[in-house]
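This report looks at how two chains meet and then turns to one residue within a chain. Please keep the sequence and the structure in view while reading.

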Amino acid sequence: MEIDASVRSVILDAMVLGVVVLDHDTRVLVWNRWMVKQSGIPDDVAIGRPLAEIFPELATNGRLQNAIDQALSHRLASIISPSIHRRPPLPLYRDPGSRERQERLQQLIHVTPIYLEGLRGCTFQVQDVTAAVNRENLLRDQSADLSVRNQQLNA
Amino acid sequence: MIEVSDLQRDALGEIFNIGVGRAAASLSQIVNDEIELSAPMVQFVPSNEAMQVMHGREFDEFSMVEQDYSGPFNAKAMLVFQEQNALVIVGKMLGGVVPPEQLGEFEQEAMCEVGNIILNACVSALADLFHVEFNGSLPVYQHGTRDSMALFEDLREDVPVILIVQIDLLIRQHSVQGHLLFLLSVSSLEELIASIDRYLETLGID
């Protein structure tokens, strides 16, 4: 069965992760509903615009920009994990409250090249891993506490 | 066995040093501190001797990041660190409060990205200097034990030779060693050698 474009966009919008497709000049081709919701930027504003215009800070965030460049120029895929990037790369928020407090959601990003006839671009997917990161930080703090207490007991 | 000359090996060593240099710049930017990387040794070894070459000493557990590359030649590339060394890298990168005793999901993900940065930087250096293109897959993290690493012994038929690049990494006064492995089929190895020759020719060396 062939899946036509409207069905495809319904599927993209049903996803609980951000899906963005960029063409070779980093212009946005796909901006799914999750991206609209979490970035606050409607798709009709995003589509057709270069990503750096939508997120000007990308120019100074080396890693995501590099990953996109590598996908476009070298067809290489990249992963950007929240564990080694203290500051989440994109201004995406879980809800209006966190947007007001400027608390970005924690992001796990996969960048993959796409090459079809007539299209050479890349896609990136953003997963909200805030809950996992918070849990991890909590465990880390607890384990630090425990080891301090252990040392005190041993002393 | 396919012969690789000193000149070909040196050329490859130079390209890998360009690659790890790029990776060091990216990693330094991420941790906001200087990370140095060098690739002091490039070797082609029979696959059943790979383990010996990598770790003459005692070892038990490994941390591996794997990516597949396809293009003029295909390779499964792996960045392999002894688990202890991977813990040092991740600990230093995360600015770890508590040194983890093993790599949890969080640390594995960090390691995956570190591997991804180093592998892609090396492959893009190869692509640039050879004027070719590769397609790269997403990285996969794997935990390896001495037993699972024995898989290299069984590779002989498909992968007679493994290209091993020693990687020295200096992070916050800590120096750790790892290895980059490229598993190449006979035809891919031949194509790699041919690419090196073409590269040397463009430099006017042959």
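The text below takes the contact between the chains and then a single serine, all in a predicted model.

**The interface between chain B and chain A**

In this interface, 31 residues of chain B are in contact with 29 residues of chain A, and the area buried between the chains is about 2,500 Å², of which carbon and sulfur atoms give 55%. Phe106(B), Glu113(B) and Leu138(B) supply 25% of the area that chain B buries against chain A, more than any other three residues.

| Interaction between chain B and chain A | Count |
|---|---|
| Salt bridges | three salt bridges |
| Polar contacts (both residues at pLDDT 80 or more) | 16 residue pairs |

One of the salt bridges joins Arg63(A) to Glu113(B), with the closest N and O atoms 2.7 Å apart. On the side of chain B that touches chain A, at least two residues each come from α1 (6-31), β2 (61-70), α3 (83-94), α4 (105-130) and β4 (135-136), and α4(B) gives the most, with 15 residues. By residue type, this side of chain B divides into 16 nonpolar, 10 polar and five charged residues.

**Ser188(B)**

Ser188(B) lies in helix α5 (residues 186-202) of chain B. Is Ser188(B) buried or exposed? Ser188(B) counts as buried because its relative accessibility is 6%, and buried means under 20%. Leaving aside neighbours within four places in sequence, Ser188(B) is in contact with Phe73(B) and Asn74(B), and the side chain of Ser188(B) reaches the backbone nitrogen of Asn74(B) at 3.1 Å.

Notes: Residues numbered from 1 in each chain as written. Chains lettered and ligands numbered in written order. Predicted model: local features only at pLDDT ≥ 70, side-chain atom pairs only at ≥ 80, totals over all residues. Heavy atoms only, no water. Contact = heavy atoms within 4.5 Å. Buried area = accessible area lost by both parts, 1.4 Å probe. Salt bridge = Lys/Arg side-chain N within 4 Å of Asp/Glu carboxyl O. Polar contact = N/O pair within 3.5 Å; in protein donor to acceptor, adjacent residues only side chain to side chain. Helix = DSSP H or I, 4+ residues; strand = E, 2+ residues; numbered from the N terminus. Nonpolar A, V, L, I, M, F, W, Y, C, P; charged D, E, K, R; others polar. Buried < 20%, exposed > 50% of the residue type's maximum accessible area, 1.4 Å probe, protein only.
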